[in-house]
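Please find below my notes on the model you sent. They run from the overall build to a few single residues.

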Amino acid sequence: MTGTVVTRFAPSPTGFLHIGGARTALFNWLYARRHGGKMLLRIEDTDRERSTDAAITAILDGMKWLGLDWDGEAIHQFARAARHREVAEELLASGHAYYCYATPQELEAMREEARAAGRPLRYDGRWRDRSPAEAPPGVKPVIRLRAPTEGETVVEDHVQGRVVWQNKDLDDLVLLRSDGTPTYMLAVVVDDHDMGVTHVIRGDDHLTNAARQKQIHDALGWPAPEMAHVPMILGPDGAKLSKRHGALGIDAYRAMGYLPEALRNYLVRLGWSHGDQEIFSTEEMMAAFDLGSIGRSPARFDFAKLENINGHYMRAANDGALVKAIEDILPEIGPERGLGPSFDPALKEKLLAAMPGLKERAKTLVELLDGAWFLYAKRPLSCDAKAAAILNDEGRQRLASVLPILEGLSDWNAATIEDAVRQAAAEAGLKLGQLAQPLRAALTGRGTSPGLFDVMTVLGREESLARISDQLP
């Protein structure tokens, strides 16, 4: 490979950064970083009615959260409209484009005729060789590309292989609308050229666009970038990915408690493989990523797999970093749990102390926070069904028998608590679990929790004894 690799991520700001867009951004980022090149960001905001500032902000925030940086300032396509018009006029002057004065009524009649005949909806070239002098009064023309009518248009794609279109099947596309605004097809070609883009990595829903854009490149005498059209992501059932499958904004995955490094790792394996390796550090991804290992078949989104990968990253994470990650999403997930937008210092300290046990049992930050419910629950605890069943008359009697022993402990730590409970169980002729279960239910309101003696240590003497007393008649 010669020269600097330049990729680009070019989202349309008509909505959030969805999972497919995030994967496209990741693939572009990895390819550029692997080759010591640049990844540029271009906001394709030529659709003025649907483009919003909120969507632009969501896209930029999503990329930053995922850890995907770009080189230089983000470029806004709409701001380059004058340059796009200039190129359309160059094509007009060179004879590679022409004014088309077909009226909206004529175009609709053309479409109706094609529908009736079962033909593709294509412009019939009626103004291709006519003089503007014949133009009907009052009609503002569009500028169309004078596309080749014979031969083939070929794209050598890194993923799809050699893709061929017969030129007779491609019509003269519009470059400039009658109001002087450029079309998407023209804008993309001009921007890719002016930005020095060498590789276009995008979804295979753009494959037909590649043929159109190649014709514009050829007409301008510009080399086309290398192409890699990546298959789409499907739902687990093989249907098009929808919201019920996980076609959500990246901000939703953040709020659901996924770590950015876990989501990155999951996304890189959607359609790209490197042997049997599943877990990749960022450095490993950069070193291994190549276009040739992207498969041609659509990838299937699998929440269970994402959760497993997220669980792996959580278990490996620094405890303080996990507390910080939960606190970052607390404004979104805290209110329904009775928590404010940040942890008070005492709760943060308890959460940090309990984290080794909590993170072993959770696959998302939300699960982790729910697993830590016993730390911020208000007394008296409301018990789940399993805990309530454990705290029957027999369970409460066992609590009553162990409470004085615990109250007599002068040193409150996991080891001394465990010794005391084991001794109490032995003296009562019980197995440890028969005493530990009602203790766990009383202390956490749940049938399962991190290690009981760690829980009691984190809660502290006063709170632990009070919660046990709450369950006694």
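1. For the charge count used here, Lys and Arg are taken as positive and Asp and Glu as negative, while His and the chain ends are left out. On that basis the protein chain carries 56 positive and 66 negative side chains. The centres of these two sets lie 2 Å apart. The model is a predicted one.

2. Secondary structure and overall form. The protein chain contains 20 helices and 12 strands. Its radius of gyration is 31 Å, whereas the globule rule gives 23 Å for 473 residues, so the chain is more spread out than a compact globule. Taken along the principal axes, the box filled by the C-alpha atoms is roughly 105 × 45 × 40 Å.

3. Of the 473 residues in the protein chain, 49% are buried. The accessible surface is about 22,000 Å², and carbon and sulfur atoms account for 50% of that area. Among contacts in the protein chain with a separation of 6 or more, 75% are between residues 24 or more positions apart.

4. In soluble globular proteins, nonpolar side chains tend to be buried together. Here the largest nonpolar core has 108 residues, and Met 63, Leu 375 and Leu 406 are the ones with the most contacts inside it. Helix H1 (residues 19–34) supplies the largest share of this core, with nine residues. Another core, of 19 residues, lies apart from it; Ala 88, Ala 147, Leu 175 and Val 190 are among its members.

5. Surroundings of Leu 375. Which residues is Leu 375 in contact with, leaving aside its neighbours within four places in sequence? They are Leu 347, Lys 350, Leu 351, Ala 354, Leu 358, Val 458, Leu 459 and Arg 467.

6. A cis peptide bond. Most peptide bonds are trans. The bond joining Arg 379 and Pro 380 is cis, with omega at about -10°. Pro 380 sits in the loop between helix H14 (373–376) and helix H15 (385–390). I would ask that this bond be named in the text.

7. Asp 328. This residue belongs to helix H11 (residues 319–333). Is Asp 328 buried, exposed or partly exposed? Buried means under 20% relative accessible area and exposed means over 50%, with partly exposed in between. Asp 328 has a relative accessible area of 37%, so it is partly exposed. Phe 453 is 125 residues from Asp 328 along the chain, and the C-alpha atoms of the two are separated by 29 Å.

Note on methods:
Residues are numbered from 1 along each chain as its sequence is written. This is a predicted model: local features need pLDDT of at least 70, side-chain atom pairs count only at pLDDT 80 or more; totals for chains, interfaces and linings use all residues. Side-chain values use heavy atoms; hydrogens and water are left out. Helices (H or I, at least four residues) and strands (E, at least two) are DSSP runs, numbered from the N terminus. The radius of gyration is taken over C-alpha atoms; the globule rule is 2.2 Å times the number of residues to the power 0.38. Buried means under 20% relative accessible area, exposed over 50%, partly exposed in between (1.4 Å probe, protein chains only). Contact means heavy atoms within 4.5 Å. Accessible areas come from the Shrake-Rupley method with a 1.4 Å probe; for residues, only the protein chains shown count as cover. The place of a charge is taken as NZ of Lys, CZ of Arg, CG of Asp or CD of Glu. A nonpolar core is a set of buried Ala, Val, Leu, Ile, Met, Phe, Trp, Tyr and Cys residues joined through side-chain atoms within 4.5 Å.
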